[in-house]
Amino acid sequence: MKKLNSIKYVVVSLAILIIIWQVAFIFSDYSEALFPSPIMAFNALIELLTSGQLLESFITSMGRFVIGYGLSVIAAVILGLILGSLPRVFNYVNPMLQLLRPISPTAWMPFVVLLFGIGDLPAIVIIFIAAFFPVLLSTVSAIMKIDDIYFRVSENFGIRQPALLWKVILPAAFPQIANAIHLALGSAWIFLVAGEMVGAQSGLGYQIIDARNNVRADLLLATIFVIGIIGLLLDYLLGIVEKKVLRAWGGE
Amino acid sequence: MSYIHIENAGKTFVENGQEFRALTDVNLDIEKGEFICLLGPSGCGKSTLLNAIAGFDLVNEGSITIDGKEVTGPSTKNVTIFQNYGLLPWRTVEKNVALGLENKKLSKDERAGIVRSYLEMVKLEGFAKSYPRQLSGGMKQRVAIARALAVEPDILFMDEPLGALDAITRMKLQDDILDICKREKKTIIFVTHDIEEAVYLADRIVVMTPNPGKVKGVLKVPLHHFRDRTSGDFLLVRDKIFDLLNMKNEEAIEYNI
C-alpha cells in the first residue's frame, strides 16, 4: 500500500510538470523550433534512442562520472581518515581547504582545459573537485566526533592500528561519511554536465551544446530530461547501498 | 608489598592556564580478591583515582604499582566498565562480548563457546543476535560485564557502572555483580556516590572528599554477603560513613549539652 501510494505521488507529480510545460507551450509566442511541446520533446527522445546517439552519450558520460566520482570519494575518505586522526596536522590544512572549498568547480574549467585540453579529463577533474571537498571535510569531522569511550574500550582490549581503523573508527564514523558521499553524488552529477559543456566533444553535456548549435530545442530538452532521470536513479541506487551497509553495521 | 600499592599519589590538571588539583596524597593498599568501593561526592577525585589505577590518565605525583609493576597505561589484564557501557553499537551483543577475544589465538568454536558461557552468566543468552540499541540500560551493562569477564581479567574497574539505571534495576544488578564476583574471585575497584551501594557491595570502602580530592578514611565492612539492607549492622556502617563525610548535625548535639 505504501509503495502504491509513492508510485501515485510520482505519477501525479510528473503529470503536473508536463501539464505546466504544455500550458506554457500553448500560450508562448516563441516558434515551435525554439520552444517545443512535451510531445515534440518525446519524439526527439525516441529519435535519440533509435539512432543510438543517446546510448553512446550515456556510456561516455557514465564512464567519466564513475571515474571522477569514484576516485574523488576514495581519495577524500582516505585523506579524511588521515587528517581526522592527526588533528594537529589538520589545523594547518584546514584554512587551505576552507579557501578552496567555496570556489565553484566550473571556475577551474578554463584552467583545466588549458592544462589538459578538450576531452575526457576536464569533465573528470571537475567531477572530482565537486565531490572531493564535502566528502573530505565530513570524513574529518566524523572521525573527530567519535566518542572517546570507544577508544578507551579498544585500548583496554588491546586493539591497535590497523585493526582499530576497521573495527572501530570506520564503523563509528560511517553514517556521517555515507551521508556526505550520498550528497556529493548529486553535486558531482550536476557538474558533470557543466564539465562536458565546456571541456568535451562528447557525452550528455556536449549533446546539449550540439543540439543548440543545430537549433534543435526538442533534442536539447529531451537530453535535459534524460539527465534528470539518470541523476534521480543514481541517487536512488546509492541510497539502497547506503542502507544495506548501515544495516550490516547495526545502524538505525 | 600489597597487590595494588598506591603511594603519595596526586594529580593536577592545567585548565585555562590555572592549575587545578584533582587528587592529593593518596596512600592505599589493596589485596588480591578484595572488593573496594571508592565513595564520595562529585569532585572528590574518585574517578580520577580509578582512571589512574586503570592506566587511562596517569598520576603526576607519587606512584601506583600493580603486582609490583608501575602502571604506565591500560592493560588487557585489567578491564574497565564505564557508566555509559562503552558497547559498540554496530556490533551485535555476541560480537561485543567477543571484542576482547579477537586478539587471542582461539579457534572460532572456542571463541563462540566462551561468548556463550559468559552471556549465560549474565542471563542474556537469548539476546546474542540483538544490537545494543534494542536492549535496556541494565541489559547493556550486563553485556559490558560479560565482555569484561570474557577476557578473564585480574582486576575489574567499574566507574559508576549503575549510575544511569533506575533504583530497582540497580539493586538487581548489585546482586548480580556480587554473585558473579564471588564466583569469579576478581579484584574489584568500584566507584560510586551511593553510600548504600558501597555498604552493600564492598569489603572495604574508601571514603573520599573534594577540594582537593583526598582519602578521608578507609572503612572495613564487617558484614557477610549477602547483606540485609535494613539490618542494624548495615545501618551502623552507613552511619560511620555519614560521620566521615561530616554529614551529621553536630551543632544540634552541642546545643543539647
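The following dialogue concerns one sheet in chain B of a predicted model.

Local features here need pLDDT of at least 70 and side-chain atom pairs count only at pLDDT 80 or more, while totals for chains, interfaces and linings use all residues. Residues are numbered from 1 along each chain as its sequence is written, and chains are lettered from A and ligands numbered from 1 in the order in which they are written.

Student: In what order do the six strands of the open sheet in chain B stand?
Tutor: Strands are DSSP runs of E with at least two residues, numbered from the N terminus. Two of them pair if DSSP finds at least two bridges between them. The pairing in this sheet is mixed, and the order is S6-S7-S8-S3-S9-S10.

Student: Which are the edge strands of chain B?
Tutor: An edge strand of this sheet pairs on one side only. The two are strand S6 (78-81) and strand S10 (214-220).

Student: Which residue of S10(B) is the bridge partner of B:Arg204?
Tutor: Strand S9 (residues 204-209) of chain B pairs with S10(B) in the antiparallel sense over six bridges. S9(B) also runs parallel to strand S3 (residues 35-39) of chain B, with four bridges, and there B:Ile36 stands opposite B:Arg204. In S10(B), the partner of B:Arg204 is B:Lys220.

Student: Which residue in the turn of the hairpin of S9(B) and S10(B) has a positive phi?
Tutor: In S10(B), B:Val215 is the bridge partner of B:Met208. Four residues lie between the two strands of the hairpin, and the residue with a positive phi, about 55°, is B:Asn211.
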